[in-house]
Structures are given as C-alpha cells and as structure tokens.
Amino acid sequence: MSQGVEPERQPQQSVGAGGPPTSRRRFLSWLSRAFLGLWGLGAAGAIGAYLRPPEHGPRIAERIVRVGLLEDLRIGEARLVRHGVTPFYVVRLDAGRVVALSAVCTHVRCILGFDRERRALTCPCHDGRFDLAGQVLSGPPPRALPSYTVSVRAGEVFVQL
Amino acid sequence: MSDAPRVGGTPGGGDASGGGAGPGPRGDWVAWLERRLNLTETFSFLTHFGLVWTPVDTSRPVREVVREVASQPVPAYARWPRVLGLLAAILFGLEVVTGVLLAYYYRPTPEAAFESTRTIVRDLPFGWFIHQLHGWGAWLLVIVVAARLLRLFWDGLYRAPREVLWWSAVAMAWLVLQSDFTGRLLTWDSRSYWAAVRGMEVVFALPVVGPLLAFLLGGRVINDDVLIRFYALHMLVLPAGFAFFLYLTFATLRRVGLSPEAPMHRGAATTLRDHLYSMLILSVLLFGVLTTLAVLAPFRFQAAADPYSTPTGVRPPWYMLAPYAVIENGPGPSWLLGLLLLAVAFAVLLLPLWAPRAAGGRVLGRMRLWGLFALAAWTALSVLGAFMERR
C-alpha cells in the first residue's frame, strides 16, 4: 500500500488513527475491505455449492424393485429386501394379497424386525410396534410406516418405491 | 436463576471499567474476549511463525501489543528477498484447502479413482476449478521451492549458522516433489498411471533403496494396495512433513535471520503493517495467476487407466527429464546410474559441511560457479530428455 510511510511518522499516524481519518484513506480502506469481503463471499458460495451433497435422484427403472416369485413367499411370512437406503418388508397376507412396508422405523431410523406370532413389525431400539397396515400400535414412533404399491405379474412380485 | 441477572449485567459494566485501552465502538468484542482469555498469549504463539522479532509481554493488552508490533520497521532485505518462502507457505495452504475439498469426493480404489475424479471435474459445481487450482498450485509450488533453493544457494545461506535452514529447504523441495509424484497417480488416468509405472521401475531397480521402497509402497506392481498407500502418503504423511519443516524454517529464522550482513537499522523501508498489506496484495495476485492458468491452460484429463494397454507418449514430469536422460542414455546399467544420481542429490545436503563458516567471499564465489555449472548441466540434460521424448 503506501510504501512511503517512514517509521518516524509513526507517532503522528497513531494519533491520526484516533481522530477522523482523511476521506481518501477511508475510501481506499473501505474499498479494499469490500473487495476482500466480496471475494470471501464468492469463495464461500463456490465451496458451498461444491460441498452440497449430490442428490442421487432414483430413476424410474430403479424405483421398481423385483422381489422374486410369489410362490417362494409363504403365507404369513415376511421378507426383508435390502434395497439401498430404503429397505422394506414384503409380507404375504394370504393367497392373493401381498403388502410392502418400509423397514425403517419412523422414530430414529432403526431397522425393524418381524414378529410372526403377533403379525407385527417391532423396533429393537425403543420397542415401537407397527401393524401390517403400517399403523403405529405402541411405542414412540411418531408416524405410520410408508407402504409401497405391490404388483404381481406373471407370478413375480414387483414393488414400486 | 439468581445468577442470570448478575452475569448478564457484567459485560455492560465491565466495558466501561475493564476495557482500559479505550476500545472503540466496533472493537468491543476484543475487550469482551480479553476479559475471558489472554489474547496476548495467543498472539505471542502466532509470532513463532516469523515476522515478529521482538519479545511479547503477555501481561499487556493485545491491542497495544499488536499496534506496537505492526509499526515495527521492516528492513528492505527482509521484504522481497523473503517472498519465495512466503509464497511456498501460501501455496501450501492453498493445496491443503483444495486437497481437503477434493478428498470429500475422491475414492482411492482402482475401480473408483478415475470415476470419482471425473465426477469432481465434470459434474460437481466448481469441481473442475478446485481440481485445476490444486494441480496448478502444485506446479507453482515445485517452481517456487526450486527457486527458493537456488536463492539460498546463491546467497550462501547454507553456511553456519544456517545449516538447518538449508536442510529444511532441501527437505521441503524433496517433499514437494514426492507429493507431486504421488498426486499424479491418484487421478488414475492412463498417462498418470503409466508415468508412475515407468518412474517406479527405475526406482525399484536401485540396489538397496528399491526393495525398501517396494516394501514401504506395498509392492512392485502398481495396484490397489499401492494406490491407497500413495493416497495416504499424499494426503497425510508428506503434508505433515512439509508443515514440520515449514515450522522448522520459521523457528530457525527467528534465531539466525536470513541476511544479517545488512544491519537492522539501515534501510528500514516500511512498517510491518504495510509489509503485510503488500503480502496480501501478492496473495490476491497469486490467486489471479492461478485462476488464469486454470482457465486458459487446464490440465488434460485422459481416459481411465488400463493396465493391459500402454498409451504412446508417456512422459516423465518436467523435473524428472534430466535423470530420465541420464538413465536412458548414460553408459552402464540403469541401477548404477540411478545410484549415482541419488548420491549427487544427497551431496546437496552435505553442502554446509564443505563450506566452513570461516570461508570468505572467494569461497562463496567458487561455490556459485560450481552451482551455475550444475544448473547448466541439469538444464542441458533436461533439454536432452525433452527431445528424447519428442522422438
């Protein structure tokens, strides 16, 4: 900046810092601060845009999951399908009806277990319970489980997430 | 509950009485903080990193100390001659920041390395810019560290009592070259992969160093084991070493200085405050240069590496062209030539022992002559290596 400032003028300068500085000096320091501030804002914006977690929006083909043959599912039995971050249960209720329910507890995202005797999904973390329609029976879960559309085509079970 | 009003009331009363040094309306947070921790002590820790030469009295308020330090005279010889070391420090900081940003998305496996780098470069917002900043920053860092080595040599700053300065400078140059070499492999594109293969073949052929390096680097074949070790070296070990030698440089500078031939009081050009402002402007200019290079001359990104097909025109990095020319053209087996080069490189470290302190200007002049001769030989060999590549 101002290279010409001699060390001998130092006392004067410190006195001047207390009083009103000259307007050109104030303008220049304001300008450089504004420049650095804008530069910092821009850098923060760029880094923020870079750091934003990329969204892996599932494509239509990935949203339809082939579960398996209907005849392999026994009545009253549930199968856990480990599908990415949205694992789900497929439960065969009787000869024709199959339901698919999320296996992730709505409370703190624990993975639910299947209780065959009571025909319920139970959470090992805080003992939350859901019935096979996804409604909360007891425990801390705040919401019902999401359920997914099941279709059976040519004896094969498909679930649309 | 009973405490709350009392605690809330203290800052208001304390600002009037405890501020002492007359804090302005904007700087109240300094006074607020100073009543809670000794800011002068924190500042005195910062003074370890060069620039401030006077001892700091930690019992005084921080604003007074900072004002006093900022108006210290800075002699002319301490300004631009020292700029190379400062540039190295700034560039190292830039490499750390951009490297951390890249590490958020990079995956060090042969299957994912190229894919993840391409995701950074192609898909993420500003990813290409961060990648190019990292690459060009490394390129400039190699130049700056080499230039700094030349400057220290030219001014004879390897003689006692500055041996530590010289050894740190050599170590930093070596670490920068290693970082550059390990970093090139990480993108796992075909050029970088095959350049690493060729470079490693030469190194592994050395008698004792070769097997040792193969042990340390995870094998003689460049595969996933080697890649993850390169990654760990590149992002953990080598930067830690660089930071250590950077601190060592600052520490020894505080004790022995860089050029005591010129006395402190003569040629006091400016104050420390203005000096810092010039360095700030220099950093902004450096960023401008890097941005220009990143936009106008981006590093090309080739196809993914295929271990079963070697592309044509794989060339060593520019700083390896001279050793490359010697090993390809020199008489004798390559391991012997490699050992010879290694011995020459290590001889640089012993320079302080050959130039005793008592030696006057005539010895310094002779050393300069030798240095010029070595530089000319190196340049000629590099040109030879470059032309060998063209053929």
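Modeller: Here is a walk through the aromatic rings, pair by pair. Keep in mind that this is a predicted model. Over all chains, the count comes to 19 aromatic pairs. Let's start with A:Phe27 and A:Trp30: their ring centres are 6.2 Å apart and their planes meet at 25°, which is under the 30 degrees needed, so this pair is stacked. Both belong to helix α2 of chain A, which covers residues 23-51, and because they are three residues apart there, about one helical turn separates them. As for the surface, A:Phe27 is partly exposed at 45% relative accessibility, while A:Trp30 has 54% and counts as exposed, since the cut-off is over 50%.

Now hop over to chain B, where B:Phe244 and B:Phe245 make an edge-to-face pair, with 5.2 Å from centre to centre and 70° between the planes. B:Phe244 has a relative accessible area of 48%, so it is partly exposed.

Finally, some rings have a charged neighbour. In chain A, the charged end of A:Arg153 sits over the ring of A:Phe158, at 5.7 Å from the ring's centre. In chain B, B:Arg36 lies over the face of B:Trp32, 4.1 Å from the ring centre.

Notes
Residues are numbered from 1 along each chain as its sequence is written. Chains are lettered from A and ligands numbered from 1 in the order in which they are written. This is a predicted model: local features need pLDDT of at least 70, side-chain atom pairs count only at pLDDT 80 or more; totals for chains, interfaces and linings use all residues. Side-chain values use heavy atoms; hydrogens and water are left out. Rings of Phe, Tyr and Trp (its six-membered ring) pair if their centres lie within 6.5 Å; planes under 30 degrees apart count as stacked, over 60 as edge-to-face and the rest as tilted. Helices (H or I, at least four residues) and strands (E, at least two) are DSSP runs, numbered from the N terminus. Buried means under 20% relative accessible area, exposed over 50%, partly exposed in between (1.4 Å probe, protein chains only). A charge sits over a ring if NZ of Lys or CZ of Arg is within 6 Å of the ring centre and within 35 degrees of the ring normal.
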